Amino acid sequence: MSDMAGAYRTCSERMETGPEDAALASKRFAWPTLHSGDCTMFEGATWTLFSDGNASFDAVVTSSDDDDAWIIHHADLLDRNQAVMASVVNVNPWPDNPHKFAQNMPDHRQRYRFTAQGRFDPGLFAQVVFMSMTYSC
């Protein structure tokens, strides 16, 4: 069975852009509440891209079952036609997939803050209009 069996793909809900005159421009992409299996990622999960090629992710996740994990198999940068240009690379890469990000959730009674840092080619920054995530639980 593939590592991405049962994975879902969703595009960003909206995009906000930081001030163009700032020393470091940014683009923020947010998602509505997402569900996968027993897991929930709550509304407001965001990827923020910076013009220097850095990326940060911030979300809150939970599961109705113990010992689950929310997995982002890849977070893709899309142009105005929603064509994939590249995927964000995890700064702490997994051996099997440098584009994977994961948050373990050992206790179903808890909500977990899921934060991650990534990198992408800064030459693509101006062309990024959408993002998508392929995820599973």
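Modeller: A salt bridge is a side-chain nitrogen of Lys or Arg within 4 Å of a carboxyl oxygen of Asp or Glu. This is a predicted model, where local features need pLDDT of at least 70, side-chain atom pairs count only at pLDDT 80 or more, and totals for chains, interfaces and linings use all residues. Residues are numbered from 1 along each chain as its sequence is written, and side-chain values use heavy atoms, with hydrogens and water left out.

Biologist: How many salt bridges does a search of the whole structure find?

Modeller: The search finds 3. In one of them, Asp58 pairs with Arg113, at 2.6 Å from N to O.

Biologist: Where in the chain do Asp58 and Arg113 lie?

Modeller: Strands here are DSSP runs of E, at least two residues, numbered from the N terminus. Asp58 sits in strand β7 (residues 54-63) and Arg113 in strand β12 (residues 112-119), so the pair links distant parts of the chain, 55 residues apart.

Biologist: Is Lys100 buried or exposed?

Modeller: Buried means under 20% relative accessible area, exposed over 50%, and partly exposed in between (1.4 Å probe, protein chains only). Lys100 has 8%, so Lys100 is buried. Its salt-bridge partner is Asp96, at 3.3 Å from N to O, and Asp96 is exposed at 52%.

Biologist: And which residue forms a salt bridge with Arg109?

Modeller: That is Asp107, with the closest N and O atoms 2.9 Å apart. Arg109 is exposed at 67%, whereas Asp107 is buried at 18%.

Key: Helix = DSSP H or I, 4+ residues; strand = E, 2+ residues; numbered from the N terminus.
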